[in-house]
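Morning, everyone. I have one structure to walk through, and I'll keep it short. Please look at the screen.

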Amino acid sequence: MTHALIVIDLQNDFCPGGSLAVTGGDQIVTGINRLMDDFDSVILTQDWHPADHRSFAAAHPGHAPFDMITMTYGPQVLWPEHCVQGTAGAAFHGDLDQTRADLILRKGSNRDIDSYSAFFENDRTTATGLEGYLRGRGISDLTMVGLATDFCVSYSAQDAARLGFRVTVDTALCRAIDLDGSLQDAVQQMTGQGVRLL
Ligand code: VGL
Ligand code: ZN
């Protein structure tokens with residue numbers, strides 16, 4: 001068994017002071033650094049949007065952040081501008097240990113499709129390549145931590161479980177956005193897909 005730790009989107013814009021701050025997002029960094037030693041491989045994901053990304057409310061006149069709209073691929077929450085490529089907000093939290101990372105996977109670069117999951121964009125078909133990377137290295141087991149529990153962590157964990165990986169989400173090292181019950185929905189959906197929640 002080869003077990004990878006996947007650290008989801010531990011970036012400044014998702015931490016207090018950032019443009020899409022998740023409450024307590026910075027509190028999990030030290031614990032995640034410590035956890036890295038327990039794994040064969042460490043992978044970091046990085047939300048990485050062009051400035052005119054279509055998930056940003058600013059790209060939709062008349063809409064405000066956190067409105068729901070329908071994109072060609074289905075419902076989409078509109079977000080404040082966040083994790084714009086090359087900005088300080090898109091950088092990893094300054095205390096996150098990047099030295100152990102075997103792979104840094106960037107996602108969300110396609111202007112027209114959001115990408116919560118580390119495996120597939122929100123059209124649910126465009127692959128990021130992470131599945132092939134993991135299989136190529138014989139990785140069968142994944143533990144996921146990071147931000148946000150109810151969006152990028154949940155989507156990534158569910159996709160991984162569907163693809164046949166054994167998936168654990170360590171919820172003590174995650175924090176949620178929690179829009180209209182989205183955390184409770186995510187917990188239910190992850191459990192339904194066979195994701196183990198710690
Ligand atoms: C995320 C909303 C928009 C996340 C990324 O990392 O959970 N959420 N982009
Ligand atoms: Zn994003």
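**Aromatic pairs, a helix and a zinc site**

The count of aromatic pairs comes to six. The rule: rings of Phe, Tyr and Trp (its six-membered ring) pair if their centres lie within 6.5 Å; planes under 30 degrees apart are stacked, over 60 edge-to-face, the rest tilted.

Some ground rules. This is a predicted model: local features need pLDDT of at least 70, side-chain atom pairs count only at pLDDT 80 or more, and totals for chains, interfaces and linings use all residues. Residues are numbered from 1 along each chain as its sequence is written, chains are lettered from A and ligands numbered from 1 in the order written, and side-chain values use heavy atoms, with hydrogens and water left out.

Back to the rings. Trp 79 and Phe 151 have centres 5.0 Å apart and planes at 90°, so this pair is edge-to-face. It links distant parts of the chain: Trp 79 sits in the loop between β4 and β5, Phe 151 in helix α3, 72 residues apart. Helices (H or I, at least four residues) and strands (E, at least two) are DSSP runs, numbered from the N terminus. Both Trp 79 and Phe 151 are buried. Buried means under 20% relative accessible area, exposed over 50%, partly exposed in between (1.4 Å probe, protein chains only).

Next, Tyr 116 and Tyr 155. They are edge-to-face too, 4.9 Å centre to centre, with 80° between the planes. Tyr 116 counts as buried, at 6% relative accessibility. Tyr 155 is partly exposed at 29%. Ring pairs link Phe 66, Trp 79, Tyr 116, Phe 151 and Tyr 155 into a cluster.

Now helix α3 itself, residues 149-162. How many of its 14 residues are buried? Twelve, so the helix is largely enclosed by the rest of the structure. Those buried residues pack against β1, β4, β5, β6, β7 and α4. Gly 164 follows α3, with a positive phi near 100°.

Last, the zinc ion, ligand 2. Its protein donors are Asp 47 (OD), His 49 (NE2) and His 82 (NE2), at 2.0 to 2.2 Å. Donors are N, O and S atoms within 2.8 Å of the metal (3.2 Å for Na, K and Ca); water is not among the atoms, so sites may look incomplete. The angles among the four donor atoms run from 88 to 169°, and the site is irregular. Four donors count as tetrahedral if all angles lie between 85 and 135 degrees; four count as square planar and six as octahedral if opposite donors are over 155 degrees apart and all others between 65 and 115; anything else is irregular. Asp 47 and His 82 are both buried.

Key
Contact means heavy atoms within 4.5 Å.
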